[in-house]
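Let's take a walk through the inside of a protein model. Keep the picture open while you read, and look up each residue as it comes along.

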Amino acid sequence: MSGTSLDGIDLCLAEFKLFEDKLDYSILVTETHNYSVEWENNLRNIEAKSAVNLAKLDFKYGKHLGTIASKFLLKNDQNADLIASHGHTIFHQIEKGFTYQLGHGASITAESEITCVSDFRSLDVALGGQGAPLVPFGDEKLFSSYDACVNLGGIANLSFKKNNERLAFDVCACNMVLNYFMNKFRQVKFDLDGEFSNSGHLIPALYNDLNDLEFFNSSGPKSLGKEWVFEKIIPLMEKREETLSDVLFTFTKHIAFQIANTLKSNNISKNILFTGGGSKNKFLIKLLKEEGLEFELPNETIIDFKEALIFAFLGLNRFLGKINTLKSVTGATRNSCGGNIYLP
């Protein structure tokens, strides 16, 4: 996994067992591989480069992922039957009918000599869906004991069951925005524990402007991409004359409000699982509690690697030719079995 917050590549070696219709999983080994400055710059700016540069980087990044996976397995004296690669999202413009995740699966297989499943989103988009979020399929199968699962990643998204149907959608921008401002103005990758944001004060006008954006008045299925964030969110925040801590305080409160408001509007306020990097933001967690939510923070492995675990599960289902994408979540015309398979 590589998320929009650019905080590294998550590797998760997982084992799945099915016994008498009971599905179980084990997380064997995990690791987060930090990006070099060169790779971070490549990924941060590639959408502005030429088609030739994009095509070259697609294969180069795939080779990079294959190398990292091979070294990860060798270091831990492990083997894998399958690599499931989400890739790194470069374009996600559903209103124009396309999505694009960098990291060619052929390069991953060529470098690792392991079967690879990649490009999980394209089929759903071709079927009229949002191509996201895909994790709710895993929520349904692996974490169904919770009333709702919320991922606080670069984009915050959630899934829950309603009328015996799994529903899910992106809620709001999250770590992508906080990390962007901390990197640009404080030269650090993220706001540790949310302490810098917590030192600020609310800017009512900015808070209202953020919550009044049209996206928040529409119901799911819906998804967000980097393009929308940099068109709608970043300019609103950068034009403010208040201190950066005030701006980030306000944005963090906006995140908490949107998540709580979305959950409560679906009659959910407890038995909620929070995962993703934002779960370690103590200020954000404090604000979510102040919104009246009752939730569980699992162990750190699940917080950090739940998405990688679920994409392994999606890859397994694709390899077996089983459904791994739900139309109730994405809005596609039908359920589908998404992903390209590359054999060694």
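## A walk through the model

Gln-258 is found in helix H10. This is a predicted model, where local features need pLDDT of at least 70, side-chain atom pairs count only at pLDDT 80 or more, and totals for chains, interfaces and linings use all residues. Residues are numbered from 1 along each chain as its sequence is written, and side-chain values use heavy atoms, with hydrogens and water left out. Helices (H or I, at least four residues) and strands (E, at least two) are DSSP runs, numbered from the N terminus.

Is Gln-258 buried or exposed? With a relative accessible area of 5%, Gln-258 is buried. (Buried means under 20% relative accessible area, exposed over 50%, and partly exposed in between, with a 1.4 Å probe and protein chains only.) Leaving aside residues up to four places away in sequence, Gln-258 touches Val-171, Cys-172, Asn-211 and Phe-216. Contact here means heavy atoms within 4.5 Å.

**The cores**

Now for the nonpolar cores. A nonpolar core is a set of buried Ala, Val, Leu, Ile, Met, Phe, Trp, Tyr and Cys residues joined through side-chain atoms within 4.5 Å. The largest one has 52 residues, and Ile-259 and Leu-288 have the most contacts inside it. Helix H10 (residues 244–265) gives the most to this core, with 10 residues. What does Leu-288 touch, not counting residues up to four places away in sequence? Its partners are Leu-152, Ala-256, Ile-259, Phe-274, Leu-293 and Phe-295.

**A helix with a buried face**

Look next at helix H1 (residues 37–45), where Trp-39, Glu-40 and Leu-43 are buried. Seen down the axis of H1, these buried residues fall within an arc of 100 degrees, so they line one face of the helix. The buried residues of H1 pack against helix H2 (51–75), strand E4 (88–93), strand E5 (98–102) and helix H9 (226–238). On the other side of H1, Val-37 and Glu-38 are exposed.

Time to look at the gaps. On a 1 Å grid over the protein atoms alone, a cavity is a set of points where a 1.4 Å probe fits but cannot get out; a pocket is an open set with protein on both sides within 12 Å along at least five of seven lines; and lining residues have an atom within 4 Å of a point. Grid points are joined across faces, edges and corners, and a volume is the space filled by probe spheres set on the points. The structure holds 2 cavities of 30 Å³ or more.

In the table, Ala, Val, Leu, Ile, Met, Phe, Trp, Tyr, Cys and Pro count as nonpolar, Asp, Glu, Lys and Arg as charged, and the others, Gly among them, as polar.

| Space | Volume | Lining residues by kind |
|---|---|---|
| Largest cavity | about 40 Å³ | 5 nonpolar, 3 polar, 2 charged |
| Second largest cavity | about 40 Å³ | 6 nonpolar, 3 polar, no charged |
| Second largest pocket | about 760 Å³ | 24 nonpolar, 7 polar, 3 charged |

Among the residues that line the largest cavity are Val-135, Pro-136, Asp-139 and Lys-306. The elements that give two or more residues to that lining are helix H5 (136–142), strand E7 (148–152) and strand E8 (155–162). Around the second largest cavity you'll find residues including Pro-133, Pro-136, Phe-137 and Val-329. H5 and helix H13 (327–330) each supply at least two residues of its lining.

As for the second largest pocket, 34 residues line it, with Cys-12, Leu-82, Ile-83, Ala-84 and Ala-312 nearest its centre. Which element gives the most to this lining? That's E1, with 8 residues.

Finally, follow the backbone. From Ala-132 to Pro-133 the peptide bond is cis, with omega near -15 degrees. Pro-133 sits in the loop between helix H4 (122–126) and H5.

Glu-113 is a residue other than glycine with a positive phi, near 60 degrees. You'll find Glu-113 in the loop between helix H3 (105–112) and strand E6 (116–118), and at 66% relative accessibility Glu-113 counts as exposed. Asn-164 also has a positive phi, near 60 degrees. The loop between E8 and strand E9 (165–173) holds Asn-164, which counts as exposed at 75% relative accessibility.

Definitions and conventions. Arc of directions from axis to C-beta.
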